[in-house]
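Me: I have a model open and would like to learn how to read its features one at a time. Could you walk me through them?

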Amino acid sequence: MNRPTPGPFHAARNGPQPGPRPGNLRAAEVRCAVCGTTSRQTRFRAMPPESAPDLDLRPGEPLRSTMASWLQQCPHCGYVAPEIAHAHPAAVEAVGTAPFRALIADTSHPPLSRRFLAYAYVLEETGALHAAAEATLQAAWAADDARKPDLARAWRGDAVALWRAGPPLDAEQTIRVVDALRRAEAFEDAGTTAEQLAASHPPDAVAGVIALEQRLIALEDSGRHTVASALPPPSRRPHVSHGSIARRGATPGGGLWDRLRGLFRRKR
């Protein structure tokens with residue numbers, strides 16, 4: 001069966017979701033759906049992030065630092081998933097292939113990145129291309145943390161290729177493509193994609209974010225920036241109040257960027 005992408009994102013969507021509370025994870029014996037081996041695994045548990053996400057929607061702290069808890073991995077066959085007790089039929093075949101075995105054995109890549117790339121490979125083999133893009137982007141986040149900028153740039157490019165190979169992207173997802181291209185230093189492609197999105201007359205919140213992306217692209221700035229830097233501060237609060245996303249909480253329904261705009265501009 002298909003399972004959601006771990007961490008702050010659903011598999012094929014891009015809205016932030018709760019993540020685990022550090023030190024509040026439960027371990028249990030889990031039977032791998034691929035090879036049948038039983039191993040002790042921790043289960044991902046929910047808590048909201050406290051600070052603003054990056055423009056690619058990597059969550060703020062404390063959720064940001066919990067990536068090692070987002071996936072389980074079977075110690076016998078190497079199968080990786082949010083819950084290894086479940087597996088799509090195509091995933092069972094993917095785990096037995098030579099490319100998968102080579103991927104999990106590649107010691108030139110950070111261990112956490114390898115785990116996300118292995119999950120991305122499984123997802124791609126099942127046809128879940130947008131989910132595979134999410135997992136590949138998460139591998140890039142792990143490379144950022146491991147101070148491997150060349151790998152992070154390459155995997156952001158791979159994530160963009162997977163997004164574009166899947167179903168048509170909406171405006172929110174396209175912003176993440178633009179940010180991935182900018183962070184990968186593919187400035188020409190990023191600029192063209194941003195210009196096309198801006199010309200489509202997106203909602204105001206999306207337009208504000210894409211305008212920031214266009215300024216950063218013009219400066220050839222490939223660094224990390226947060227959503228807070230793209231949206232105006234509340235009318236009665238200084239800009240630092242942009243960090244209070246989780247405390248105010250988003251309501252269901254509507255576009256993610258519209259909800260973020262409401263969170264940042266609401267009067268207290």
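Reply: Gladly! Let's begin with one residue and its neighbours. Leaving aside residues up to four places away in sequence, Ala-81 touches Leu-71, Gln-72 and Tyr-119. Keep in mind that this is a predicted model.

Me: Where is Ala-81 placed, and is Ala-81 buried or exposed?
Reply: Ala-81 belongs to strand 4, which covers residues 80-81. Its relative accessible area is 1%, so Ala-81 is buried.

Me: Let me step back to the whole chain. How many helices and strands are there in the protein?
Reply: The protein has 10 helices and 4 strands. Along the sequence they follow the pattern β-β-β-β-α-α-α-α-α-α-α-α-α-α. Of its 268 residues, 47% count as buried.

Me: And what part of the contacts with a separation of 6 or more comes from residues 24 or more positions apart?
Reply: Such pairs account for 62% of those contacts.

Me: Now the helices. How should I describe a packed pair?
Reply: Two packed helices are described by two quantities, the angle between their axes and the distance between the axes. Take helix 3 (residues 111-125) and helix 4 (residues 129-145): their axes come within 8 Å and cross at roughly 170°. Angles over 145 degrees count as roughly antiparallel, so helix 3 and helix 4 are roughly antiparallel to each other.

Me: Which residues make the contact between helix 3 and helix 4?
Reply: From helix 3, the contributors include Leu-112, Phe-116, Leu-117, Tyr-119, Ala-120 and Leu-123. From helix 4, they include Leu-129, Ala-132, Ala-135, Gln-138, Ala-139 and Ala-142. By class, the contact of helix 3 with helix 4 has 13 nonpolar, 3 polar and 1 charged residues.

Me: Aromatic rings next, please. How many aromatic pairs does a search of the whole structure find?
Reply: The search finds 3 aromatic pairs. To classify a pair, look at the angle between the ring planes: over 60 degrees counts as edge-to-face. In the pair of Trp-70 and Phe-116, the ring centres are 6.2 Å apart and the planes stand at 85°, so this pair is edge-to-face.

Me: Where in the chain do Trp-70 and Phe-116 lie?
Reply: Trp-70 is in the loop between strand 2 (38-43) and strand 3 (72-73), while Phe-116 is in helix 3, 46 residues apart. Both Trp-70 and Phe-116 are buried.

Me: What about the rings of Trp-70 and Trp-141?
Reply: Here the ring centres of Trp-70 and Trp-141 are 6.4 Å apart with planes at 80°, so this pair is edge-to-face. Because Trp-70 lies in the loop between strand 2 and strand 3 and Trp-141 in helix 4, the pair ties together parts that are 71 residues apart in sequence. Trp-141 is buried, as is Trp-70. Put together, Trp-70, Phe-116 and Trp-141 form one aromatic cluster.

Me: Which phi values do Arg-147 and Glu-185 have?
Reply: Arg-147 is not a glycine, yet it has a positive phi of about 55°. Arg-147 is in the loop between helix 4 and helix 5 (149-165), and it counts as exposed at 71% relative accessibility. Glu-185, not a glycine either, has a positive phi of about 65°. Glu-185 lies in the loop between helix 6 (171-183) and helix 7 (187-199) and is partly exposed, with a relative accessible area of 41%.

Me: Last topic: how many disulfides does the structure hold?
Reply: The structure holds 0 disulfides. The test is whether two cysteine sulfur atoms lie within 2.5 Å. For Cys-32, which is in no disulfide, the nearest cysteine sulfur is that of Cys-77, 3.7 Å away. Cys-32 is buried, with a relative accessible area of 0%. Cys-35 is in no disulfide; its nearest cysteine sulfur, that of Cys-74, is 3.6 Å away. Cys-35 counts as partly exposed, at 31% relative accessibility.

Note on methods: Residues are numbered from 1 along each chain as its sequence is written. This is a predicted model: local features need pLDDT of at least 70, side-chain atom pairs count only at pLDDT 80 or more; totals for chains, interfaces and linings use all residues. Side-chain values use heavy atoms; hydrogens and water are left out. Axes are lines fitted to C-alpha atoms, for helices over the stretch in contact, and angles run from 0 to 180 degrees between N-to-C directions. Helices (H or I, at least four residues) and strands (E, at least two) are DSSP runs, numbered from the N terminus. Angles under 35 degrees count as roughly parallel, over 145 as roughly antiparallel, 65 to 115 as roughly perpendicular and the rest as oblique. Contact means heavy atoms within 4.5 Å. Ala, Val, Leu, Ile, Met, Phe, Trp, Tyr, Cys and Pro count as nonpolar, Asp, Glu, Lys and Arg as charged, and the others, Gly among them, as polar. Rings of Phe, Tyr and Trp (its six-membered ring) pair if their centres lie within 6.5 Å; planes under 30 degrees apart count as stacked, over 60 as edge-to-face and the rest as tilted. Buried means under 20% relative accessible area, exposed over 50%, partly exposed in between (1.4 Å probe, protein chains only).
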